[in-house]
Amino acid sequence: MDSRPTVLLIEDSPTQAKEFAAHMSRFDIDVLVATDGPQGLRLAKEMTPSLIVLDVNLPSMNGFQVCRRLKRDEATVAIPVIMLTSADRSDDMMAGLEAGADDYIPKDDFAVDSLLTALRTMGLIPQDSSS
Amino acid sequence: MFSTVIPVQGTFDIAKGRNLLRSHIAEQHWPTTTNVRAAALLTALGDLIVPACLDFSVPIHVEFAPDGAHRGIHVSCEVPEYCATDARMVQVQEALRQVTDHLLVDVEGGTVYITAYLHV
């Protein structure tokens with residue numbers, strides 16, 4: 001039996017985490033939530049999720065620092081990372097790439113659409129699923 | 001070859017354009033990092049166009065070359081020179097250089113011509 005995909009969301013806003021989990025539940029995706037970088041790094045190692053969705057503005061460590069650590073660690077290097085953030089300047093996006101992120105989605109009016117396109121590309125939701 | 005025009009006047013247009021580019025990049029099965037570079041490119045152009053508070057849209061022309069040696073995205077636009085203050089132009093050109101593989105910026109007859117290539 002195939003196991004359901006699990007997404008680790010590293011996000012300090014409970015409201016946004018709840019909203020994200022609601023979107024994912026429509027596609028039978030389990031969501032783990034970490035509210036800061038250190039907790040996220042620990043959960044990524046312990047649970048090896050299918051995907052990590054990472055905010056940039058986090059307490060104690062920012063998302064770029066978390067991403068660099070994930071990509072330096074043998075146990076987590078292969079897990080795709082999408083940065084989902086309100087930091088939407090072009091240099092923020094390039095900083096995300098330099099930190100090793102696989103994708104970067106600004107939290108704009110099209111964020112949900114963009115995220116679903118990314119999940120389809122990664123094979124986590126069916127190609128014919130609608131937003 | 002797929003081509004489209006993204007009319008830009010406000011930040012919403014940039015967000016809509018980024019989403020449109022993402023869909024086409026996904027259709028091409030290009031690496032997901034292409035999304036980030038394409039989004040950064042469009043955002044940098046938006047940083048030039050949007051603060052100018054124009055009462056008209058600036059069309060950004062986008063062409064996707066799916067095959068060949070120049071496989072990638074070709075973006076061009078023409079911005080009135082009065083929008084492009086020296087300080088803003090320096091900042092935007094620096095951002096565009098960071099994102100693109102090839103950048104051409106020409107100023108002629110009161111218009112700034114920007115052409116950028118992003119190879120995949």
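## Where chains A and B meet

The contact between the two chains (heavy atoms within 4.5 Å) draws 22 residues from chain A and 20 residues from chain B. This is a predicted model, in which local features need pLDDT of at least 70 and side-chain atom pairs count only at pLDDT 80 or more, while totals for chains, interfaces and linings use all residues. Residues are numbered from 1 along each chain as its sequence is written, chains are lettered from A in the order in which they are written, and side-chain values use heavy atoms, leaving out hydrogens and water.

**The interface**

- Chain B and chain A bury about 1700 Å² between them, 62% of it on carbon and sulfur atoms; buried area is the accessible area (1.4 Å probe) that two parts lose on being put together, summed over both.
- Two salt bridges cross the interface, a salt bridge being a side-chain nitrogen of Lys or Arg within 4 Å of a carboxyl oxygen of Asp or Glu.
- B:Arg18 and A:Asp108 form a salt bridge through their side chains, at 2.8 Å from N to O.
- On the side of chain B that touches chain A, helices α1, α2 and α3 of chain B each supply at least two residues.
- α2(B) gives the most to that side, with nine residues.

**Aromatic pairs**

- Over all chains there are three aromatic pairs: rings of Phe, Tyr and Trp (its six-membered ring) pair if their centres lie within 6.5 Å, and planes under 30 degrees apart count as stacked, over 60 as edge-to-face and the rest as tilted.
- The rings of A:Phe110 and B:Phe12 are tilted, because their planes stand at 45°, with centres 5.4 Å apart.
- This pair crosses between chains, joining A:Phe110 in the loop between β5 and α5 (111-121) of chain A to B:Phe12 in helix α1 of chain B.
- A:Phe110 counts as buried at 16% relative accessibility, and B:Phe12 as partly exposed at 43%; buried means under 20% relative accessible area, exposed over 50%, and partly exposed in between (1.4 Å probe, protein chains only).
- B:Trp30 and B:Phe64 are stacked, 5.6 Å centre to centre with 10° between the planes.
- B:Trp30 and B:Phe64 are both buried, and they form one aromatic cluster together with B:Phe2.

**Helix α4 of chain A**

- In α4(A), residues 90-98, the buried residues are A:Ser90, A:Asp92, A:Met93, A:Met94 and A:Gly96.
- Their cover includes α3 (63-72), β4 (81-85) and β5 (103-106) of chain A, and α1 (11-28), α2 (33-49) and α3 (86-99) of chain B.
- After α4(A) comes A:Gly100, with a positive phi near 105°.
- The helices here (H or I, at least four residues) and strands (E, at least two) are DSSP runs, numbered from the N terminus.
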